[in-house]
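Please read the numbered points with the model in view.

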Amino acid sequence: MNKFYLSTAIAYVNAAPHIGHALEFVQADALTRYHRAKGDDVFFLTGTDEHGVKIFEAAQEKVMEIQAFVDMNAKQFEDLKGILNLAYDGFVRTSSEHHKKGAKKIWTKMFEAGDIYKGTYKGNYCVGCESFIPEKDLDGEGNCPMHKKKPKTLEEENYFFKLSKYSDAIKKAIESDKLLILPEARKNEMLNLIGDEGLKDVSFSRPKDVLPWGVSVPNDDSQVMYVWCDALSNYITGIGYAEEGEEAETFKKFWPCDVHLIGKDILRFHAGIWIGMLLSAGLELPKAIYVHGFVTSEGQKMSKSLGNVVNPLEYVEKYGTEAMRYFLLKEIPTADDGDFSHKRFLEIFNSELANSMGNLVNRVVMMTERYCEGKVPAKTDGAGVYEQLMLSVEAYKAAFERFDLKGACEVLIGVVNLGNKYIDDKKPWALAKETPELVPEILYNLLELLRFVGILFSPILPECSVKILKQIGADSSDIKLDSLKWGALEEGENVQKAEVLFPRIEE
Ligand SMILES: [Zn+2]
């Protein structure tokens, strides 16, 4: 049995979840469900990033005790489990004792390797970014380009991490695909960033009076870990890196990570600093980093000031979890930017889910009731359907393996369309009058095609998948891809009409 460990980035809890978070969670969920259906032993980790100045200040603004503030905000992210139907196995919170213990452990390993040293940092510090900004990155007026504010000049004592020492090793790992970065364009982007000059050492801590909310540096209470060691280490602390005995088993079994799923804005930290940290601490490197893009809203960047921030909760309440999952996976290019528009949401829902998919299920089940007394007819060899189906299954798997969930959805809709076209070509209602003996064979082919559709949908729309399989009398208890072989549907099983899967939205 293969193991498969996937992590998402941990969400920063200074605001409520938005559609971009939903995209990453749903992608992660589909990928891990796919691996479960393949028979892999899966661990899916997500969580929240709860330290830093911005959170400290946001809590003060709300006049809340800081732990209570992060508890409240973290819960909004934990609640997405139900809202988006996520089957994650672990939820790591950086303010937890387990995590802090692990962050200290990796710091100590790096320190013992001689890779952490004390130095003075002087630079332009933007509070909004929570980071120093190099002179060359300031805009024409000397402001932070993101926040349009003049940064403070800060000089302070920091610990630094000797990232430069690992620059060549990191470059080699990326070039050789030992650390696979997908899509390819992001791999090149990272290699360009490393360039000939290589990666520079990074500030690794802040004085406690500047960063009052974080993890203390081991053996130096005056310093607090900067975001790198605090946040990136979640990928090991969340599976028991610092634990002992039985609690350490998950780490032993699942590390190294198979996929870190992240947004394009944080690639350089994951493919640079994090890899350097692991090399320093003597830990194995993750196998892959999958990078997704951003979601715009009605063609524009989402922002509070434009008032176009899409709240995934509202859509789920109105149209259902599966409609949201389908839109994010099918409509947003998996590894690129995409747009969320209300009009398109309704179009996709009505044309693909309500019409193509819903109608196919409905037609096949109704015809089976009408022409075959509601029972699965005798098995066939699948001529006319089977070959195309098997090609689709291969294309679907290939899409999942190369991080193309949109591609997998397109293959699936292709199978649905194949079914609809087969009905239109064969016209079972006409045959029923003239040569009724030919109808059962056609319906068996269609029911078996629907079984394939039900199984293939399981990583994408898990509820719909079970509903389809139940309606055609197929087993829906433990859905595995290896049951994608012709003829598993047994003659005589009862087919049962159920409520419409996706009722059309009229607005
Ligand atoms: Zn800034």
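1. Leu 180 faces Ala 288 of strand E14. The strand pair concerned is E8, which covers residues 180–182, and E14; the two run in the parallel sense and are joined over three bridges. Please note that this is a predicted model.

2. Strand E13, residues 259–263, is also paired with E14 in the parallel sense, here over four bridges. Within this pairing, Gly 263 has His 292 of E14 as its bridge partner. Between E13 and E14 the chain passes through helix H11 (residues 267–281), forming a β-α-β crossover that is right-handed.

3. How many residues of strand E14 are buried? The strand spans residues 288–292, and five of its five residues are buried, so that it is mostly covered under the cut-off of under 20% relative accessible area. Ala 288, Tyr 290 and His 292 point one way from E14, while Ile 289 and Val 291 point the other way; every one of these residues is buried.

4. A separate topic is the open sheet of four strands, ordered E6-E5-E7-E9, in which the pairing is antiparallel.

5. Tyr 125 is placed opposite Phe 132 of E6.

Technical notes
Residues numbered from 1 in each chain as written. Predicted model: local features only at pLDDT ≥ 70, side-chain atom pairs only at ≥ 80, totals over all residues. Heavy atoms only, no water. Pairing = 2+ DSSP bridges. Buried < 20%, exposed > 50% of the residue type's maximum accessible area, 1.4 Å probe, protein only. Right-handed = clockwise from strand over helix to strand, strands pointing away.
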